[in-house]
Amino acid sequence: MPNMPDGLAALLWGIVTFSLLILIHEGGHFLAARFFGRKVHEFMVGLPGPALRFHGKKTTYGITAIPFGGYVRVAGMEPGPEDPLLGPVLAAITRHGSATAAQIALELDLDEEEVEGALVILADWDALEQPSKKDGGIFHARFDPGLANDPGALLDQARSVTYRALPVWKRTTMLCAGPAVNLIVAVLVFTVVVSSYGVLTTKISEVASGSAAEEAGIVAQDRITRIGDKKIGSWNSLVTEVAKYDAGESIDVGYERDGATKTVKVALKENPETKTGFLGVSPSLEKPTLVQALAESMSYVGLTFSAVLQFFNPRTAGAALSQSSSVIGASYMAAGAARQGALQYASLVAMLSLSLGVVNVFPIPPLDGGKIAIEVVQRFRKRELPRNLTLGLSAAGAVLLFALIGYLVCADIVKYIIR
């Protein structure tokens, strides 16, 4: 069992770190929604539940009792085709100024439960005022009664502040904004860190004894320039390219020594962690220019995409799982990084932000990428997918994601708590 201070530190820094990541991610969605003039009801850090709330002029902000997660609730994001009762119900209640669901149902000869559903949606669109406990279920109209004579125009006005009123490209921009801000913040932070610490290069500082590189005659101070047919310009690209080969494969490695370019055949050995090809060299650390630091930081985006793709490859999925962490592991790492200093903590936050942004791009409902995929499909179909299908896809995706999260949580409990 870890001592109490370590556990408390992990809890504290986990809450701080993930709250910060959610602010970054959901902040992207929030800013895009406000930029497009959409009604944003809530901006919350944490999963839905009891919360401390601050009511702004247009949006309610807060933090919930479970601060791992977050959401921005935008008007009109309910799944499925638009309810055909919205127009008649809105016109009727606007004409009266205020009414209950039972009164509107009686007037329009409709089912009261269906009318209640339409009223709730209209209230979410800010076209009606939700009834308070003292009102006895009375909804209050926000539009002038004279507008009730044209239900179509009235509904268009109510819909104008909603997500569903936007064209597809603006919807997808809103959905992309969260991951995009994660990636931008990560790249900027990594640029600062790389500029401060230096960058790992393909100039070799050390060759492991008995390694494939040593057997091929590669020595310290050589600079690797090519792996197979691939030109190598950074340490990250070298690692990524070598990992594409299996242990035992022979590849051509190009390198520079004393100004001369040479090529040697190397029989790769096995990386004990990934079970892929292994060269056995260590990089040198060099001080980069700002442009080089930015380029190095941007390369991390591609590396993270490659790392996530390993989960979908049966050959590498096991190794990818073994090298991944849940919120528990990330919290312990955050506490450790915070003890080491500001730059170390900033690097970890940037890495987690980058991972969060990349994961959310993948087309798996209910992730942002899955929502984008649904928007694209609906655009080509020229009509919205059935509500039950959309909810079913989101539920299936959620089950897969929670299964993965559950596995990682169990592994981290064993790693950090039981042991």
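Predicted model: local features only at pLDDT ≥ 70, side-chain atom pairs only at ≥ 80, totals over all residues.
1. Asp-126 counts as partly exposed, at 30% relative accessibility. In this note, buried means under 20% relative accessible area, exposed means over 50%, and partly exposed lies in between (1.4 Å probe, protein chains only). Asp-126 has a positive phi of about 70°, although it is not a glycine. The residue Asp-126 sits in the loop between α4 and β6 (128–129). Helices (H or I, at least four residues) and strands (E, at least two) are DSSP runs, numbered from the N terminus.

2. Residues are numbered from 1 along each chain as its sequence is written, and side-chain values use heavy atoms, with hydrogens and water left out.

3. Asp-258 also deserves attention for its backbone. Its phi is positive, about 55°, although Asp-258 is not a glycine. Asp-258 belongs to the loop between β11 (250–257) and β12 (260–267). With a relative accessible area of 80%, Asp-258 is exposed.

4. A further backbone feature concerns two prolines. The peptide bond that leads from Pro-365 to Pro-366 is cis, with omega near 5°. Pro-366 is placed in the loop between α12 (342–361) and α13 (368–381).

5. The salt bridges come next. A salt bridge is a side-chain nitrogen of Lys or Arg within 4 Å of a carboxyl oxygen of Asp or Glu. By this rule the model has 16 salt bridges. One of them joins the side chains of Arg-164 and Glu-78, at 3.2 Å from N to O. Arg-164 lies in the loop between α5 (151–159) and α6 (168–197) and Glu-78 in the loop between β4 (70–74) and α2 (86–96), so this pair ties together parts that are 86 residues apart in sequence. Arg-164 counts as buried, at 10% relative accessibility.

6. A salt bridge also links the side chains of Arg-159 and Glu-82, at 2.8 Å from N to O. Because Arg-159 lies in helix α5 and Glu-82 in the loop between β4 and α2, the pair ties together parts that are 77 residues apart in sequence. Arg-159 counts as buried at 17% relative accessibility, whereas Glu-82 counts as partly exposed at 27%.

7. Asp-222 and Arg-257 form a salt bridge through their side chains, at 2.8 Å from N to O. Asp-222 lies in the loop between α7 (212–216) and β9 (223–227) and Arg-257 in strand β11, so the pair ties together parts that are 35 residues apart in sequence. Asp-222 is buried, with a relative accessible area of 1%, whereas Arg-257 is partly exposed, with 22%. Elsewhere, salt bridges that share partners join Glu-78, Arg-164, Arg-171, Glu-375 and Glu-384 into one network.

8. The last point concerns surface charge. Asp-111, Glu-112, Glu-113, Glu-114 and Glu-116 form a negative surface patch. For patches, residues must have over 30% relative accessible area and no salt bridge, and like charges are joined within 9 Å. Asp and Glu count as negative. Glu-112 is found in helix α4 (residues 112–124). With a relative accessible area of 45%, Glu-112 is partly exposed.

Notes. Patch = residues over 30% accessible without salt bridge, like charges linked within 9 Å, V, L, I, M, F, W, Y side chains within 5 Å. Areas by Shrake-Rupley, 256 points an atom, 1.4 Å probe, with all protein chains shown as cover. Charge placed at Lys NZ, Arg CZ, Asp CG, Glu CD.
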